[in-house]
Amino acid sequence: MVQFNDNVMTIALKGEPAKSCDIRFGEGLFPEISEDVKKLYNGRRYAIITDSNVRLLYGEMLKEEIGRDAEVFSFEAGEKSKNIYTCDDIIGDMTKSKYGRDTLILALGGGVVGDMAGFIAAIFNRGVPYIQIPTTLLAQADSSVGGKTAVDTKHGKNLIGAFKQPEKVYIDISTIKTLSDRDYKNGLAETIKHGIIQDDKYFEYLKNNLSDILNRDPESLLTIAKRNCEIKGNVVEINNFLGEKKPRKANMIFYIFILLIALCRYLFLMKI
Ligand SMILES: NC(=O)c1ccc[n+]([C@@H]2O[C@H](COP(=O)([O-])OP(=O)(O)OC[C@H]3O[C@@H](n4cnc5c(N)ncnc54)[C@H](O)[C@@H]3O)[C@@H](O)[C@H]2O)c1
C-alpha cells in the first residue's frame, strides 16, 4: 500500500535493492524544489529539460529560482518531438555545456517531456538521476508516476524506452491554471477513467464536484492529484516492472470495454 504523510505520498518499489519514491503535492513548490535539489544533490549540475511552451511559462522561472548551476534545455512542444533525434539534440546541447555524470535532470512539463527527459536520464552517461515536475493534468495523474520512459519511432509509439524511476515527483497544482481547456479535459478523462475502473467513491466525488473541478479550484485539484497518484501508485507497487507481464487478450478486451464505458460516461458528464 502507498503511504501518505501529510502532503507526501511514498510508493514502495520492489527490486534489488528495494527503493521508494516520494511524491510531494502542493502549490507554488518551486522555492522548495530549488532548496531540495541544492541540499540533496549538492555539487551536481542541474539540467532542466522542458518543451518550448513550458520553457516560457515555468522553465526560466525555475532556473532563476535554482541559480547559476541550472540551465534550461528545450525542444519544440508536441508529440512529434518525442523521438530519438530530439534526445540526441538535447544530449548534444548538454554535452556542449559540459554536463556529464554529475548531472541531475529536472523533467519539467507534460507527459512528452516526462517520457523523453526520463529516457535521457536513463541513457545519458549510462544513467543519471532525475526528478519529475509534471505540469499537465495527464502527467500529474498518470505519466510521472511509475518510471516508464520512452520515445516514439516510425515503427510505433513508445517503442524505444527504459524503466527509470525518478528520485522524487513534485506535483505543483498551480501550474495547471495555464493549461489549455483541451489539455485539461484530456487529463480529466484519465482521472475519470481511474474513478470508473478503480474506485466508485472517487467517481462519485468527481461527479458531485464537477463544477469546482472544471473551474480548476485548487482544493479540488489537490484532491484529485492525490487520489490519482494513489491509484497509479498502487498499480505500480503491484505491477512493478520486474514482474510486469503482457496483458492477456481477455484482459485487453475487458479493458477496452471499460474504456468505452468510461468515454461514454465522460461525454455524458461533459454534455458533449
Ligand atoms: N510514461 C507513462 O506512464 C505515460 C502514461 C500516459 C501517457 N504518457 C505519454 O504522455 C504523453 C502525453 O502527455 P500530455 O498529454 O501531458 O501532452 P504534452 O506533454 O504534449 O502536453 C500537452 C501540451 O500542454 C503544454 N503544457 C504543458 N504544461 C503546461 C502548462 N502548465 N500550461 C500550459 N501549457 C502546458 C505542452 O507544451 C503541450 O503543448 C504521450 O506521449 C504519452 O505517450 C506516458
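## Confidence first

Over residues 241-245, pLDDT stays under 50, and the model has five contacts beyond four places in sequence for that stretch. Where pLDDT is low, the predicted coordinates should not be read in detail. This is a predicted model, so that caution applies when low scores turn up. Across the chain, pLDDT averages 90, and 88% of the residues score at least 70.

## Helix H3, inside and out

Now to H3, which covers residues 84-96. With 13 residues at 1.5 Å each, this helix should span 18 Å, and its end C-alpha atoms do sit 18 Å apart, so the two agree.

Which residues of H3 are buried? They include Cys87, Ile90 and Met94. Those three take up an arc of only 65° around the axis, which means they lie on the same side of H3. Tyr85, Asp88, Gly92, Thr95 and Lys96 are exposed on the other side of the helix.

The cover over the buried residues of H3 includes strands S4 (45-51) and S5 (70-75), plus helix H4 (111-123) and strand S8 (148-153). After H3 comes Lys98, with a positive phi near 65°.

## Around the ligand

The ligand has 28 residues around it, and Asn53, Gly110, Gly111, Thr136 and Ser143 come nearest. By type, the shell splits into eight nonpolar, 13 polar and seven charged residues.

Which helices each supply at least two residues of that shell? H2 (52-66), H4, H5 (137-143) and H6 (181-198) do.

Technical notes: Residues are numbered from 1 along each chain as its sequence is written. This is a predicted model: local features need pLDDT of at least 70, side-chain atom pairs count only at pLDDT 80 or more; totals for chains, interfaces and linings use all residues. Helices (H or I, at least four residues) and strands (E, at least two) are DSSP runs, numbered from the N terminus. The expected span of a helix is 1.5 Å times one less than its number of residues. A residue is buried if 20 or more other C-beta atoms lie within 10 Å of its own, exposed if 12 or fewer, and partly exposed in between; C-beta atoms are placed from the backbone. The arc is that of the directions from the helix axis to the C-beta atoms. Two residues are in contact if their C-beta atoms, placed from the backbone, lie within 7 Å. A residue is near a molecule or strand if its C-beta atom, placed from the backbone, lies within 6 Å of it. Ala, Val, Leu, Ile, Met, Phe, Trp, Tyr, Cys and Pro count as nonpolar, Asp, Glu, Lys and Arg as charged, and the others, Gly among them, as polar. pLDDT is the predictor's confidence in each residue, from 0 to 100.
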